[in-house]
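Here is a report on one protein model.

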Amino acid sequence: MRKNRDSKCDFCGTEESEENPIIFGERAKICKDCVETIGNIFENHDGGEVSASEESSEQRILKPKEMKSFLDEYVVGQDRAKKILSVAVYNHYKRIFKNETENDTELQKSNILLVGPTGSGKTLLAQTIAKFLNVPIAITDATSLTEAGYVGEDVENILTRLYQAAGGKLEEAERGIVFIDEIDKIARMSENRSITRDVSGEGVQQAMLKIIEGSEVNIPPQGGRKHPNQEFIKINTKNILFICGGAFDGIEAIVERKLSGNVMGFNQEKRGKVEKEELIGSIEPDDLVHYGLIPELVGRLPIIGTLNQISVEDMKHILVEPKNSLVKQYQKLFSIDEVELSFEDGAVEEIAKESLKRKTGARGLRAILENMMLDVMFELPDYANKKVNITKEVVLEGKKPEIS
């Protein structure tokens, strides 16, 4: 430190004094008061206080419109389902972050049920929303779950997966997302309770109630079956968002009987696409109970979002438009070998039609592309600095792609 009566702090403009000396750097000067102020700022930040800018950032990331816009970049169509999901997720995390100090009104957790055909985007929606929020997500199939004590995977192991997805950070896991697919596959075959044990149906639904509603659960951090000498971690599911998905094949007949009073209903194959979508869009909790979900589980999934069957046009958009579209992924793979890949419009349409024929939805697109492009990818390193063009004939007749 050196003294100079004309020296001023470059940060606050205060002149140097005995009480507030100036510290000289190579390109800047700072006074003692500013040093103390900066130290207090860092101390408060480390102590966990949230600044106004941080708070506004947190509010910004949770806006439903911004979540919907982010989902639009990765998921084609399904606008209503995306709105329902965005609002539900916004309310869920607002309940966590903005209501922790309030004690006058308790906001209950609103878990979500997504109903839609196979490959319509249920899993992708959950994965994308978790990516947007930067929270861990665990994805499981309801058909792999069994009651504790039976051969299969314990329901509580879902939470172990979430804990592992959070990198072993308990606090992050307790604010994560769990997606349980094919929830309709564990529905009871009828509304009458069976006197026999239902290992993978109603019994699993009963086992799910505890973790979905919100409770403290002991989980084995490494997964597997519980045993007496094992170490456990206690995880609180109060703030974990559960999203369940299922195709619920045939539920439109239940909705139709309710709406029209026609006990027999119409043959599902004779219904038009629009009529089916209208019926599925009218699903209410009672319809899910009639289908075979127990009332207690339906009550813990109060928000129902329905997804439509994907059309040929939707499938074409899925192939080329999203940020993670398969066409873009393959073009990137080819570019690594310095090969330019292109798809003609006719080829894209035929790929979309083939996927719909297989009734596998969007998830079936990769299998079609992999099979179609196996030979050209096998020889790909030999095509450096060339162009590969996928034509309609490549898809329909199995011809070799155009290489120039």
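Which residues in helix 6 (residues 157-165) are buried? In this helix, Asn 157, Ile 158, Leu 159, Thr 160, Leu 162 and Tyr 163 are buried. Buried means under 20% relative accessible area, exposed over 50%, and partly exposed in between, with a 1.4 Å probe and protein chains only. Just after helix 6, Gly 167 takes a positive phi of about 70 degrees.

The model is predicted: local features need pLDDT of at least 70, side-chain atom pairs count only at pLDDT 80 or more, and totals for chains, interfaces and linings use all residues. Residues are numbered from 1 along each chain as its sequence is written, and side-chain values use heavy atoms, with hydrogens and water left out.

**Overall**

The protein chain has 18 helices and 14 strands. Both are DSSP runs numbered from the N terminus: helices are H or I with at least four residues, strands are E with at least two. Of the 404 residues, 42% count as buried. Contact means heavy atoms within 4.5 Å. Among contacts with a separation of 6 or more, 65% join residues 24 or more positions apart.

**Cores**

A nonpolar core is a set of buried Ala, Val, Leu, Ile, Met, Phe, Trp, Tyr and Cys residues joined through side-chain atoms within 4.5 Å. The largest has 45 residues. Those with the most contacts inside it are Ile 180, Ile 183, Met 208, Phe 248, Leu 288 and Leu 297. Helix 8 (residues 202-213) gives the most to this core, with 5 residues. Another core lies apart from it, with 27 residues, among them Val 76, Leu 319, Tyr 330 and Leu 380.

Take Ile 183. Leaving aside neighbours within four places in sequence, Ile 183 is in contact with Leu 113, Ala 142, Met 208, Cys 244, Gly 245, Gly 246, Phe 248, Leu 293 and Leu 297.

**Positive phi**

Most residues other than glycine have a negative phi. Phe 248 is not a glycine, yet has a positive phi of about 50 degrees. Phe 248 sits in the loop between strand 10 (241-246) and helix 9 (251-260). With a relative accessible area of 1%, Phe 248 is buried.

Gln 78 also has a positive phi, near 55 degrees. Its place is the loop between helix 3 (64-74) and helix 4 (79-98). Gln 78 has a relative accessible area of 11%, so it is buried.

**Two further buried sites**

Val 135 is found in the loop between helix 5 (122-133) and strand 4 (137-141). Why does Val 135 count as buried? Because its relative accessible area is 18%. Beyond neighbours within four places in sequence, Val 135 contacts Tyr 93, Ala 130, Arg 175, Gly 176 and Ile 177.

Thr 306 belongs to strand 11 (residues 303-306). Thr 306 counts as buried at 17% relative accessibility. Not counting residues up to four places away in sequence, Thr 306 touches Ala 81, Val 115, Ile 280 and Gly 281.

**Helix packing**

Axes are lines fitted to C-alpha atoms, for helices over the stretch in contact; angles run from 0 to 180 degrees between N-to-C directions.

| Helix pair | Angle | Axis distance |
|---|---|---|
| Helix 15 (residues 345-358) and helix 16 (residues 365-372) | about 120 degrees | 9 Å |
| Helix 13 (residues 312-320) and helix 15 | roughly 115 degrees | within 9 Å |
| Helix 14 (residues 326-336) and helix 16 | about 35 degrees | 11 Å |

Helix 15 and helix 16 are oblique to each other. Angles under 35 degrees count as roughly parallel, over 145 as roughly antiparallel, 65 to 115 as roughly perpendicular, and the rest as oblique. The contact uses Ile 351, Glu 354, Ser 355 and Arg 358 of helix 15. Helix 16 brings Leu 365, Ala 367, Ile 368, Leu 369 and Met 372.

Helix 14 meets helix 16 through Leu 326, Gln 329 and Tyr 330. The partners in helix 16 are Leu 365, Arg 366, Leu 369 and Glu 370.
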